Amino acid sequence: MAGPGPKLRAAAAAPAPCIPDDALVEMFGLLPANSLHRFKCVSKAWCGLVTDPLHRQRFAQTLAGFLCRVDGDGGTESSRLTRPNATVPERKETTRRFVNVSGMAEPHPDASLSFLPPPDAEGLRDVILDARDGLVLLARARGHEPPDLHPPACYLVCNPATARWAWVPGSGWVPSASQRTALTYLLFDAAAEEEEEASPPHRFHFHLLQFRLDDMDSVRAVHTYASADGAWADRAGAWVHGGWRDWARGMALIQPGTGAAVARGALHLVVDTDGTSGPNNLVAVDAEGATRRAIPLPRRDVAEKDWHSVFVGRSRGRLHYVMCVRPPHGRLSEEEPLRLLVWVLQDYDAGEWVLKHTVGFPELFGRIACQFRVEYSVVAVHPDGNWVFFVRHWDRKLVAYDMDRREVRVVADLGPGGDVGDELPTPYVPLYSASAGLTNASVGFRVE
């Protein structure tokens, strides 16, 4: 067989064309996070461009890991989903550590949040309440008082990637017969902020939504906070006239432990809106506390009271809903165990849910049944992949379930602790852009 001709030999010997770094950075800025993560593996040069602090704020980010509370001696973690390992140094006090699930390059975020201002009084502790697209919401609580039962001294919103923070005063909530508890959520959408045409000083502001509940856990008042204004506002009118009174029959019970998700500028919560048939709607609440809409949750082929909600999150731009289903007539067995169903809201405007995945509890936990929030909790759905993350409370393990491969993998040993109501692992997505709402200072406020 004849060898290659002179032209082919010359082409093979010629150096490969070099793409200028500036052009690569522009190209990387157009990629989704999962593609960008794969491109880091092409070469050391490409990995360096993607992780370079000068450029990374322009790139899409995905789940890097979890902020996990550590009590006493701590535990061990897996540095990647594909590679177990690394022992965490002993700690003698309650703090936090970062569990890396993506192979995130150094430096890792300061999981202890040591950049936050120290409490101005003894006996205060910071409890993570929520996290959204790189921002973390904490309540500065007194002693061991749960922040949903006792008014926090203040709130803090921070960005671990930039060590920036904002101090938010208490909302003025005082427990009473009509307002026994309060649930506070963070409303922030980095992707939507990037698309805004507003100038940088007016971008990347955050909102807090506080729902005040009666002794039946029904919403009785809504207050909101806007970092752009530095103000808490009473939104009871917006909540009622935004549609709640028309479809909630006088009550709205936010289901505990089921998470929250932001889509189209609104916070989405699993809510029981009639008090008789269990959680039946995904309610979208905007930054002004108005209910934009109620999306019926999927209940196809499920008998009443044979199911309950587990989690709501967002993955690949769509809302996902996880539910637990009992077998017909509730008779549990090896052949008919509890099952988890994962649904995706395929068409938001039409409210069309599509069943994405079904898995039995024996595959997940090695048991035919587990009690939600007592024996297990769902803490995240991967924003760019088909992973669901759980905490197994009985052995304090953070677990990842791969829906594509139907594989369960232990990600981290969470160490001692684990009482119901304790702080769960918090999913962390880096945000390297500067935020106008994080001023590293106490902000003035008023209650409207």
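I begin with confidence. The average pLDDT of the protein is 81, and 73% of the residues score at least 70. Two stretches call for caution. Residues 73-92 have a pLDDT below 50, and beyond near neighbours in sequence this stretch makes 52 contacts in the model. Residues 198-202 also have a pLDDT below 50, with three contacts in the model beyond near neighbours in sequence. Where pLDDT is low, the predicted coordinates should not be read in detail.

Now to the core. The largest nonpolar core has 20 residues, and those touching the most other members are Val310, Leu340, Phe361, Tyr376 and Phe390. Which elements each supply at least two residues of this core? They are strands β16 (307-315), β17 (318-325) and β18 (339-347), helix α7 (361-365), and strands β20 and β21.

Is tyrosine 376 buried or exposed? At 0% relative accessibility, tyrosine 376 counts as buried, because the cut-off for burial is under 20%. Leaving aside residues up to four places away in sequence, tyrosine 376 touches His308, Val310, Cys324, Leu340, Phe361, Phe365, Cys370, Gln371, Phe390, Val391 and His393.

The model contains 13 aromatic pairs, counted with ring centres within 6.5 Å. Among them is the pair of phenylalanine 365 and tyrosine 376, with 5.1 Å from centre to centre and 40° between the planes, a tilted arrangement. Phenylalanine 365 belongs to helix α7 and tyrosine 376 to strand β20, so the pair ties together parts that are 11 residues apart in sequence. Phenylalanine 365 is buried as well, its relative accessible area being 10%. Both residues also belong to one aromatic cluster, formed by Phe361, Phe365, Phe372, Tyr376, Phe390 and Trp394.

Let me turn to the sheets. Strands β20, β21, β22 and β23 form, in that order, an open sheet of four strands with antiparallel pairing. Why is one side of β20 and of β23 left without a neighbour in the sheet? Strands β20 (376-381) and β23 (407-413) stand at the edges and each has a single partner strand, so one side of each remains without a neighbour there. On average, neighbouring strands of this sheet are turned by 25° against each other, direction ignored. Within the sheet, β21 (residues 387-392) and β22 (residues 397-402) run antiparallel and are joined by six bridges. Phenylalanine 390, which we met in the core, stands opposite valine 399 in β22.

A second open sheet has three strands in the order β2-β1-β24, again with antiparallel pairing. Here β2 (95-100) and β24 (426-428) are at the edges with a single partner strand each, so one side of each lacks a neighbour in the sheet. From one strand to the next, the twist averages 35°. Three bridges pair β1 (residues 65-70) with β24 in the antiparallel sense, and phenylalanine 66 stands opposite proline 427 in β24.

I close with a hairpin. Strands β14 (residues 281-285) and β15 (residues 291-296) pair in the antiparallel sense over five bridges. Valine 285 has threonine 291 in β15 as its bridge partner. Five residues lie between the two strands of this hairpin, in which glycine 289 takes a positive phi near 85°.

Methods: Residues numbered from 1 in each chain as written. Predicted model: local features only at pLDDT ≥ 70, side-chain atom pairs only at ≥ 80, totals over all residues. Heavy atoms only, no water. Pairing = 2+ DSSP bridges. Axes fitted to C-alpha atoms, helices over the stretch in contact; angles between N-to-C directions. Core = buried A, V, L, I, M, F, W, Y, C linked by side-chain atoms within 4.5 Å. Buried < 20%, exposed > 50% of the residue type's maximum accessible area, 1.4 Å probe, protein only. Contact = heavy atoms within 4.5 Å. pLDDT = per-residue confidence, 0-100. Phe/Tyr/Trp six-rings, centres within 6.5 Å; stacked < 30°, edge-to-face > 60°.
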